There are 2 protein chains.
Amino acid sequence: MGVTKSDLFTEKQNELAKAAKVFAHPARIAILEYLIQSTTCINGDLVQELGLAQATISQHLRELKEIGLIKGSIEGVSVCYCIDPTKWVEVQQQFSSLFAGFPKIAGKDCC
Amino acid sequence: MGVTKSDLFTEKQNELAKAAKVFAHPARIAILEYLIQSTTCINGDLVQELGLAQATISQHLRELKEIGLIKGSIEGVSVCYCIDPTKWVEVQQQFSSLFAGFPKIAGKDCC
DNA sequence: TATATTTATCGTAATATTGCAATATAGTAT
DNA sequence: ATACTATATTGCAATATTACGATAAATATA
């Protein structure tokens with residue numbers, strides 16, 4: 001069938017899964033890391049940085065933009081992309097709330 | 001083509017993407033949350049908890065097991081699953097290291 | 001031994017993702 | 001207007017993921 005049964009899960013579960021999906025490709029990780037390390041907002045010379053075709057980069061940027069992790073503004077002929085701090089923190093907290101749920105008590109190994 | 005060009009990216013980027021992929025499905029989030037909240041290790045009455053078929057649950061469990069986030073030990077006729085604390089913390093740090101990379105300086109909005 | 005019970009695996013269908021060439025769109029400059 | 005540059009979109013092929021029925025494997029119980 002190939003279609004996720006979203007109605008079986010909570011809103012939070014579906015949202016976290018959707019956020020995780022954006023991180024589930026090394027190109028998008030690389031794009032985010034590039035945006036982090038470059039102080040100025042950066043456009044599609046990601047094509048140079050990563051070895052992917054322009055169309056492919058554009059597609060990854062759209063996925064990042066669709067979930068709201070990055071935003072872009074037209075800067076002359078090119079587009080300036082950057083991380084959206086608000087969404088960034090929001091997603092960060094979604095993840096850390098999941099991770100924090102497991103209390104790593106020493107020797108609590110059950111199997 | 002549909003195949004990820006892993007060789008274009010760093011080992012760390014590929015690893016984080018692979019970890020994220022495991023979180024990129026609400027059923028696996030739900031399984032992890034169930035394992036977190038249940039103090040005792042739990043087997044496949046996840047079939048009851050989630051509304052998915054037994055074969056589907058088993059498949060999700062395998063993906064979680066393959067990356068090392070959970071481990072299972074045979075307990076009579078059933079299998080006892082639980083979170084692997086070591087891997088859990090490892091993945092947690094992989095994520096938080098990415099998130100921490102972006103310094104949310106007030107008003108640093110560039111676009 | 002025969003019979004449940006529990007979990008894993010196989011096979012398959014439906015859908016999603018990845019990647020790119022080709023093309024479209026939009027701004028800039030000549 | 002024409003040419004150039006940067007980015008987005010479309011269409012398509014290759015591959016991956018999701019889900020489940022059917023079946024296998026392993027253990028317990030009568």
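The model is predicted, so local features need pLDDT of at least 70 and side-chain atom pairs count only at pLDDT 80 or more, while totals for chains, interfaces and linings use all residues. Residues are numbered from 1 along each chain as its sequence is written, and chains are lettered from A and ligands numbered from 1 in the order in which they are written.

**Chain A overall**

- Chain A has five helices and two strands, where helices (H or I, at least four residues) and strands (E, at least two) are DSSP runs numbered from the N terminus.
- The order of elements from the N terminus is α-α-α-α-β-β-α.
- Of the 111 residues of chain A, 25% count as buried; a residue is buried if 20 or more other C-beta atoms lie within 10 Å of its own, exposed if 12 or fewer, and partly exposed in between, with C-beta atoms placed from the backbone.
- Among contacts in chain A between residues at least 6 apart in sequence, 46% join residues at least 24 apart; two residues are in contact if their C-beta atoms, placed from the backbone, lie within 7 Å.

- The twelve residues of H2(A), residues 26–37, should span 16 Å at 1.5 Å a residue, and the end C-alpha atoms are 16 Å apart, which agrees; the expected span is 1.5 Å times one less than the number of residues.
- Buried residues of H2(A) are A:Pro26, A:Ala27, A:Arg28, A:Ile29, A:Ala30, A:Ile31, A:Leu32 and A:Leu35.
- These buried residues pack against H1, H3 (46–49), H4 (54–67), E1 (70–75) and E2 (78–83) of chain A, together with H1 (11–23) of chain B.
- A:Lys12 lies in helix H1 of chain A and is partly exposed, with 14 other C-beta atoms within 10 Å.
- A:Lys12 and A:Gln94 are 82 residues apart along the chain, with their C-alpha atoms separated by 8.6 Å.

**Contact between the chains**

- On chain B, 44 residues are in contact with 44 residues of chain A.
- H1, H2, E1 (70–75), E2 (78–83) and H5 (85–100) of chain B each supply at least two residues of the side that touches chain A.
- That side of chain B divides into 26 nonpolar, twelve polar and six charged residues; Ala, Val, Leu, Ile, Met, Phe, Trp, Tyr, Cys and Pro count as nonpolar, Asp, Glu, Lys and Arg as charged, and the others, Gly among them, as polar.

**Helix pairs across the interface**

- H2(A) and H1(B) pack at an angle of about 120 degrees with their axes 8 Å apart; axes are lines fitted to C-alpha atoms, for helices over the stretch in contact, and angles run from 0 to 180 degrees between N-to-C directions.
- That makes H2(A) oblique to H1(B): angles under 35 degrees count as roughly parallel, over 145 as roughly antiparallel, 65 to 115 as roughly perpendicular and the rest as oblique.
- A:Pro26, A:Ile29 and A:Ala30 of H2(A) meet B:Gln13, B:Asn14, B:Leu16 and B:Ala17 of H1(B).
- This contact of H2(A) with H1(B) has five nonpolar, two polar and no charged residues.
- The axes of H1(A) and H2(B) come within 8 Å and cross at roughly 120 degrees, and the two helices are therefore oblique to each other.

**Helix pair within chain B**

- The axes of H2(B) and H4(B), residues 54–67, come within 10 Å and cross at roughly 75 degrees, and these helices are therefore roughly perpendicular.
- B:Ala27, B:Arg28 and B:Ile31 of H2(B) meet B:His60, B:Leu61, B:Glu63 and B:Leu64 of H4(B).
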